[in-house]
Amino acid sequence: MPVKNIAFIVKYFPTVSETFIVNQINGLIDAGFKVSLYAYQKVDTFIVHESLKKYNLLSNVVYFVKPPVSKLSRLITFLNWTIQNLFKIKWRLFFKSLNVFKHGKDAYTLKLFFEAQWFLTSYDFEIIHAHFGMNGNRIAYLKAYGIIPEQVKLITTFHGYDLVPDKLNMYKEEYNYLFKEAAAFTVNTPYLEGLLQKVNNYQKPCDILPVGLDTTFFRRKTIKNNTEYFDIVFCGKLITLKGPDLAIGILN
């Protein structure tokens, strides 16, 4: 049976610097898939990219209810969520997330409940696509605890800042849930694939999926007649990982 329903998991939404995620969602919807969008944090921005308006994604994103630090406030938030979703809750999973005998501190501090909140009510997706390794690891944690069933496959895309070269030893431990529970990974370059292979202890499948360019959006308006010189555009944060200093040296 072909996959039809996909859940996207992102950290922030909306962000003007991650239009590649929105374009991917729009492309899947164009192809006939149903896409559900979940974000851990809402971003208040005055700049709204046109691609967000195509399928009204801003109105359809489901945001994470963050657990308060105060134990009393956390309990009140938990009770409010339960009352609001009373007729949609999957009670078996709900009580599973609160099983202190099996899950100990993760249950009685309500950590597992809050992490699982998106999956304790009805959903019908067959694939979860998490963008960035840290978000995928949070979902993998839920699969390891049996909140997300085995038949729902987890795919995680690494983008770069979630696989920094000098932190590879740390990632082996930090992404342990992810490497064990994910069905597959995607990366945007062969270089990133090489880094992932060094830390992916379970050697799950990985595909290179470059960030594409919408050629209908970017069109040349005028023909460049003077070809004696050419222009190079650097697009990225001015941080060491992006290598702007290397670019200057290479051009020189």
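**Entry 1: helix α11**

I started with α11 and looked up its buried residues: Leu-192, Glu-193, Leu-195, Leu-196 and Val-199. Buried here means under 20% relative accessible area, exposed means over 50%, and partly exposed lies in between, with a 1.4 Å probe and protein chains only. Seen down the axis of α11, these buried residues fall within an arc of 160°, so they line one face of the helix. The arc is that of the directions from the helix axis to the C-beta atoms. On the other side of α11, I found Pro-190, Tyr-191 and Lys-198 exposed. What do the buried residues of α11 pack against? They pack against α9 (168–174), α10 (176–181), β6 and β7. Contact means heavy atoms within 4.5 Å.

**Entry 2: ground rules**

This is a predicted model, in which local features need pLDDT of at least 70, side-chain atom pairs count only at pLDDT 80 or more, and totals for chains, interfaces and linings use all residues. Residues are numbered from 1 along each chain as its sequence is written, and side-chain values use heavy atoms, with hydrogens and water left out.

**Entry 3: the whole chain**

I noted 12 helices and 7 strands in the protein chain. Helices (H or I, at least four residues) and strands (E, at least two) are DSSP runs, numbered from the N terminus. The C-alpha atoms of the chain fill a box of roughly 70 × 45 × 40 Å along the principal axes. Of its 252 residues, 39% count as buried. I also checked contacts between residues at least 6 apart in sequence: 68% of them join residues at least 24 apart.

**Entry 4: helix α3**

Next I took α3, which has 14 residues. From its first C-alpha to its last, α3 reaches 20 Å, close to the 20 Å expected at 1.5 Å a residue. The expected span is 1.5 Å times one less than the number of residues. Which residues of α3 are buried? I listed Arg-74, Thr-77, Phe-78, Trp-81 and Thr-82. They cover an arc of only 135° around the axis, which puts them on the same side of α3. The face turned away from that side carries exposed Leu-72, Ile-83 and Gln-84. The buried residues of α3 pack against α4 (91–97) and α7 (111–116).

I then looked at Glu-115, which sits in α7. Glu-115 is buried, with a relative accessible area of 14%. Leaving out residues up to four places away in sequence, Glu-115 touches Phe-64, Arg-138, Tyr-141 and Leu-142.

**Entry 5: the largest pocket**

I looked up pockets on a 1 Å grid over the protein atoms alone, where a pocket is an open set of points at which a 1.4 Å probe fits, with protein on both sides within 12 Å along at least five of seven lines. Lining residues have an atom within 4 Å of a point. Volume is the space filled by probe spheres set on the points, which are joined across faces, edges and corners.

The largest pocket holds about 1,800 Å³ of space. It is lined by 47 residues, and the closest to its centre are Ser-17, Glu-18, Thr-19, Phe-20 and Val-211. The elements that give two or more residues to this lining are α1 (19–30), β6 (184–187) and α11 (190–199). Which element gives the largest share? It is α1, with 8 residues. Ala, Val, Leu, Ile, Met, Phe, Trp, Tyr, Cys and Pro count as nonpolar, Asp, Glu, Lys and Arg as charged, and the others, Gly among them, as polar.

**Entry 6: the second largest pocket**

The second largest pocket holds about 360 Å³. Of its 18 lining residues, Val-62, Asn-85, Lys-88, Trp-118 and Thr-121 are the closest to its centre. At least two lining residues each come from β2 (34–42), β3 (62–63) and α3 (71–84). This lining divides into 8 nonpolar, 7 polar and 3 charged residues.

**Entry 7: backbone checks**

Most residues other than glycine have a negative phi, and most peptide bonds are trans. I looked for exceptions.

- A cis peptide bond joins Phe-13 and Pro-14, with omega about -5°. Pro-14 lies in the loop between β1 (5–13) and α1.
- Asn-56 has a positive phi, near 55°. Asn-56 is in the loop between β2 and α2 (57–60), and is partly exposed at 42% relative accessible area.
- Gln-203 has a positive phi, near 50°. Gln-203 lies in the loop between α11 and β7 (206–208), and counts as exposed at 52% relative accessibility.
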